[in-house]
Amino acid sequence: MSSNSLQQARNQRAEAVSFIKERLPIDPEYLLILGTGLGQLAEEMTVELELPYEEIPHFPVSTVESHAGKLLIGYLGGKPVMAMQGRFHYYEGYSMNQIAFPIRVAKMLGIQTLLVSNACGGLNPNFERGDIMLINDHINFLGDNPLIGPNDPDLGPRFPDMSQPYTERLLATAEQVALDAGIKMHQGVYLAVSGPMMETKAEYRYMRQLGADVVGMSTVPEVIAAVHMSMEVLGISVITDECFPDSLEPVSLDDVLEAAAMAEPQLTRVVVGVLERL
Ligand code: HPA
C-alpha cells in the first residue's frame with residue numbers, strides 16, 4: 001500500500017462512517033460480532049436500525065454465504081450496541097484489511113469496545129463439546145495480519161503492544177456473570193488458522209503443545225485491528241468439537257452448528273450480563 005492508497009483507505013472509511021452516522025438513531029458504544037453461536041443475541045436486541053452491508057459504501061459484501069450480512073443498531077442489556085450479523089473470514093478470500101474495515105469504521109463512530117464470539121475446536125482435554133471459553137490470549141497462525149502495509153498513525157502505532165489484547169476488566173466482569181449465573185466457563189488461548197479445512201491429528205497435537213486451548217478460523221484479525229486502535233476487547237468461544245488427536249472423530253458442519261446451538265443460551269446470558277454490568 002502506497003501513501004496514495006493510505007489516503008484511499010481513509011476516504012473509504014470516512015464515506016462509510018458518514019453514511020452510517022447520517023442514519024444512526026442512537027450512538028452505539030459497543031460493537032458485537034455475532035459469530036457462530038451468537039445469532040440468538042440478535043433476537044434479544046431491541047433493534048432500532050438495520051443496515052444491509054451492501055448498502056454501506058466500501059463495506060465488504062458476503063459473496064459466499066446465501067444470506068447477506070447486516071449491521072443491527074439498537075439496545076442489548078440496556079446498552080447502545082452495533083451488531084454485525086454476519087462476519088468475514090479469511091478463508092472466504094477477503095483481505096485482512098477488508099476484515100478489519102468494519103472494526104475501523106466502528107471506532108470512528110465512537111465505539112470503544114469490541115465483544116466478539118466464535119465457534120472453535122477444543123484442544124484442551126478438560127474442555128467438552130458445548131462448553132464456552134473466555135479468550136484470555138491468542139496465537140496468530142493465519143500467516144497474515146491487518147496491520148501489514150504502511151501504518152496509518154490516525155488508527156494507531158506502527159508497533160502496537162499485544163501484552164494484554166483481552167481487557168482484564170471485561171474478563172473479570174464476564175467471570176463474575178458466569179459465576180453468579182452458575183454457568184461453566186473456561187478461560188484459555190485461542191489459536192487462529194486460515195482454514196477452511198479442519199486440522200489433522202498431527203496439527204492438533206502440535207497446536208496443543210504450542211500452548212493453545214482452542215483453534216478456530218476467525219476473531220484474531222478483528223482483535224488485532226481493535227487493539228491497534230486501543231479498543232477494549234472481550235472474546236468468547238463456543239467449543240463445537242473435541243480436537244483430541246488420540247480419539248479424533250470426523251466432524252461435519254452440522255455437528256458444529258448443533259454444538260453451537262447447545263451453547264447459545266449460556267453465551268447469550270454471559271454477553272447480556274456483561275453489558276448490563278458495564
Ligand atoms: N478447527 C478449526 N476451526 C474450527 C474447528 C476446528 O476444529 N471447530 C470449529 N471451528
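**Close-up views of a predicted model**

View 1. Strand 1 (30-34), helix 3 (96-108), strand 5 (113-122), strand 6 (132-140), strand 7 (185-192) and strand 9 (232-242) pack against the buried residues of helix 6. The helix spans residues 220-228 and is mostly covered, with 9 of its 9 residues buried. These buried residues are Val-220, Pro-221, Glu-222, Val-223, Ile-224, Ala-225, Ala-226, Val-227 and His-228.

View 2. Thr-219 sits in the loop that runs between strand 8 (214-216) and helix 6. Thr-219 counts as buried because its relative accessibility is 0%, below the 20% cut-off.

**View 3. Packing of helix 3 with helix 6.** The two axes are 9 Å apart, and the packing angle is about 55 degrees. Helix 3 is therefore oblique to helix 6. The crossing of helix 3 past helix 6 is right-handed. On the helix 3 side, the contact is made by Met-96, Ile-99, Ala-100, Ile-103 and Arg-104. Helix 6 contributes Pro-221, Glu-222, Ala-225, Ala-226 and His-228. By class, the residues of this contact between helix 3 and helix 6 are 7 nonpolar, 1 polar and 2 charged.

**View 4. Packing of helix 4 with helix 7.** The axes of these helices come within 9 Å and cross at roughly 120 degrees, so helix 4 and helix 7 are oblique to each other. Helix 4 passes helix 7 in a crossing that is right-handed. From helix 4, the residues in contact are Thr-173, Ala-174, Gln-176, Val-177, Ala-178, Asp-180 and Ala-181. They meet Arg-269, Val-270, Gly-273, Val-274 and Arg-277 of helix 7. The contact of helix 4 with helix 7 divides into 6 nonpolar, 3 polar and 3 charged residues.

**View 5. Thr-173 in helix 4 (residues 168-181).** Thr-173 has 16% relative accessibility and therefore counts as buried. Setting aside residues up to four places away in sequence, Thr-173 touches Val-274 and Arg-277.

**View 6. The largest nonpolar core, of 79 residues.** The members that touch the most other members are Ile-20, Leu-32, Leu-71, Leu-76, Ile-132 and Val-270. Helix 7 (residues 253-277) gives the most to this core, with 7 residues. A second, separate core has 9 residues, among them Leu-191, Val-193, Tyr-204 and Met-207.

**View 7. Contacts of Leu-76.** With neighbours within four places in sequence left aside, Leu-76 is in contact with Leu-32, Leu-41, Glu-44, Met-45, Val-81, Val-271, Val-272 and Leu-275. Both Leu-76 and Leu-32 are listed among the core members that touch the most other members.

**View 8. The cis peptide bond from Gly-195 to Pro-196.** Omega for this bond is near 0 degrees. Pro-196 is located in the loop between strand 7 and helix 5 (201-210).

**View 9. His-58 in the loop between strand 2 (46-52) and strand 3 (70-76).** Phi of His-58 is near 70 degrees, a positive value in a residue other than glycine. His-58 counts as partly exposed because its relative accessibility is 36%.

Definitions and conventions: Residues numbered from 1 in each chain as written. Predicted model: local features only at pLDDT ≥ 70, side-chain atom pairs only at ≥ 80, totals over all residues. Heavy atoms only, no water. Buried < 20%, exposed > 50% of the residue type's maximum accessible area, 1.4 Å probe, protein only. Helix = DSSP H or I, 4+ residues; strand = E, 2+ residues; numbered from the N terminus. Contact = heavy atoms within 4.5 Å. Core = buried A, V, L, I, M, F, W, Y, C linked by side-chain atoms within 4.5 Å. Axes fitted to C-alpha atoms, helices over the stretch in contact; angles between N-to-C directions. Parallel < 35°, antiparallel > 145°, perpendicular 65-115°, else oblique. Left-handed = near helix turned anticlockwise from the far one by under 90°. Nonpolar A, V, L, I, M, F, W, Y, C, P; charged D, E, K, R; others polar.
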